[in-house]
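Welcome, and please open your viewer. We will go from stop to stop, selecting a few residues each time and looking at what is there.

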Amino acid sequence: MKALARLVLGLVIFDAAVTAPTLEPINYDSETYDATLEDLDDLYNYENIPIGQAEIEIATMMPSGNRELLTPPPQPEEAEEEEEEESTPRLIDGFSPQEPEFTRVLGPHTSEDFPTCLLCTCISTTVYCDDHELDAIPPLPKNTAYFYSRFNRIKKINRNDFASLNDLRKIDLTSNLISEIDEDAFKKLPELRELILRDNKIRQLPDLPTSLTFIDVSNNRLGRKGIKQEAFKDMYDLHHLYLTDNNLDHIPLPLPENLRALHLQNNNILEMHEDTFCDVKNLTYIRKALEDIRLDGNPINLSKTPQAYICLPRLPIGSLV
């Protein structure tokens with residue numbers, strides 16, 4: 001019976017094996033790969049390599065089965081357009097070149113509808129308009145601190161030429177044809193420190209701000225009434241006053257206490273008083289700051305008023321005969 005049972009069981013197993021579907025072997029093209037699973041142990045065997053001399057070997061491992069390769073999805077076109085927009089160059093103040101905001105960069109327009117900073121050269125808060133044959137002060141940017149307009153043909157300074165320029169510290173109008181200045185042209189400039197008007201045709205100075213430290217009105221046509229009385233009295237920080245080559249017949253008094261240099265050469269000064277520089281009532285008074293006085297080229301004999309210099313650290317330069 002046992003033998004018969006084993007025979008029947010064997011026939012059943014054989015029949016099942018014959019009727020089962022045949023599996024086709026998976027064929028991998030091993031030539032495409034550098035290594036197989038069996039070779040990995042040899043590729044990464046670093047047991048016998050000294051420390052510091054090991055090298056990393058890179059090999060492509062054969063996959064364990066058929067797998068679909070994943071590719072990243074394509075980026076939408078809208079994202080590319082946004083990147084292109086972001087790459088558009090922009091100016092320092094945040095406006096792109098296509099936007100009509102050039103007045104921020106090129107300054108206000110002149111009377112000929114031309115930007116000041118194309119006509120002149122604007123660097124930071126400094127405007128250079130030298131030698132451009134200008135016949136008037138051009139409109140300046142609001143933040144202008146230093147303005148140079150030398151060697152032009154400007155004839156008049158109007159009261160509104162520097163209006164609202166609260167940061168303006170220096171004006172240089174050397175070598176123009178200026179013969180007239182409105183009374184309020186400079187008065188309302190709270191930060192003005194240096195005013196240079198040399199080599200012009202100015203006959204009278206207007207009111208000046210007390211903030212000035214440097215004034216040069218040399219080589220003009222200032223006469224007896226060219227400078228107002230006590231014009232420099234309240235300029236406590238005035239250090240340099242240059243009035244050479246004019247037609248002045250007196251020294252403008254009083255002079256600020258902190259004045260260091262006074263140039264009056266080549267004028268028509270005829271006399272000097274004992275209290276021009278010193279305090280005759282206080283013999284111990286010493287005027288330490290005023291070390292540079294030029295009176296040469298004037299028809300005055302400095303030797304006639306020796307008491308006028310006793311408080312000075314240095315004698316004035318001028319004629320002694």
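A salt bridge here is a side-chain nitrogen of Lys or Arg within 4 Å of a carboxyl oxygen of Asp or Glu. This is a predicted model, in which local features need pLDDT of at least 70 and side-chain atom pairs count only at pLDDT 80 or more, while totals for chains, interfaces and linings use all residues. Residues are numbered from 1 along each chain as its sequence is written, and side-chain values use heavy atoms, with hydrogens and water left out.

**Stop 1: a network of charges**

Select Lys 156, Arg 159, Glu 180 and Asp 182, which a network of salt bridges links. Now keep Asp 182 and Arg 159 on screen: their side chains meet in a salt bridge at 4.0 Å, N to O. This pair links distant parts of the chain, with Asp 182 in the loop between S6 and strand S7 (194-196) and Arg 159 in the loop between S4 and S5, 23 residues apart. Strands such as these are DSSP runs (E, at least two residues; helices are H or I, at least four), numbered from the N terminus.

Is Asp 182 buried or exposed? Asp 182 is buried, with a relative accessible area of 12%, and Arg 159 counts as partly exposed at 46%. In these terms, buried means under 20% relative accessible area, exposed means over 50%, and partly exposed is in between (1.4 Å probe, protein chains only).

**Stop 2: two further salt bridges**

Select Asp 130 and Arg 150, whose closest N and O atoms are 2.6 Å apart in a salt bridge. Asp 130 lies in the loop between strand S2 (126-128) and S3, and Arg 150 in the loop between S3 and S4, so the pair ties together parts that are 20 residues apart in sequence. Arg 150 is partly exposed, at 24% relative accessibility.

Next, select Lys 228 and Asp 207, where the side chains meet in a salt bridge of 3.1 Å, N to O. Lys 228 sits in the loop between strand S8 (214-216) and S9, Asp 207 in the loop between S7 and S8, and the pair links these distant parts of the chain, 21 residues apart. Lys 228 is partly exposed at 32%, and Asp 207 is partly exposed at 29%.

**Stop 3: a positive patch**

Select Lys 155, Lys 201, Arg 203 and Arg 221, and show the surface: these residues gather in a patch of positive charge. Patches are made of residues with over 30% relative accessible area and no salt bridge; like charges are joined within 9 Å, and nonpolar side chains (Val, Leu, Ile, Met, Phe, Trp, Tyr) within 5 Å. Zoom in on Lys 155, in the loop between strand S3 (146-148) and strand S4 (156-157). Lys 155 is exposed, with a relative accessible area of 54%.

**Stop 4: the disulfides**

How many disulfides does a search of the whole structure find? There are three, a disulfide being a pair of cysteine sulfur atoms within 2.5 Å. Counting bonded cysteines along the chain, the pattern is 1-3, 2-4, 5-6.

- Cys 117 and Cys 122: the S to S distance is 2.0 Å, and the link is left-handed, with -85° about the S-S bond. Cys 117 counts as buried at 14%, whereas Cys 122 is partly exposed at 26%.
- Cys 120 and Cys 129: the sulfur atoms are 2.0 Å apart. The torsion about the S-S bond is about 110°, so this disulfide is right-handed. Cys 120 is buried at 4%, and Cys 129 is buried at 0%.
- Cys 278 and Cys 311: the sulfur atoms are 1.9 Å apart. Cys 278 lies in the loop between strand S10 (261-263) and strand S11 (292-294) and Cys 311 in the segment after S11, so the pair ties together parts that are 33 residues apart in sequence. Both Cys 278 and Cys 311 are buried.

**Stop 5: the backbone**

Select Leu 253 and Pro 254, which a cis peptide bond joins, with omega about -5°. Pro 254 is in the loop between strand S9 (240-242) and S10. The loop between S9 and S10 also holds Asp 245, which is not a glycine but has a positive phi of about 55°. Asp 245 counts as partly exposed, at 33% relative accessibility.

Finish at Ser 175, in the loop between strand S5 (170-172) and strand S6 (180-181). Ser 175 has a positive phi of about 60°, although it is not a glycine.

Conventions. Accessible areas come from the Shrake-Rupley method with a 1.4 Å probe; for residues, only the protein chains shown count as cover. Lys and Arg count as positive and Asp and Glu as negative; His and the chain ends are not counted. The place of a charge is taken as NZ of Lys, CZ of Arg, CG of Asp or CD of Glu.
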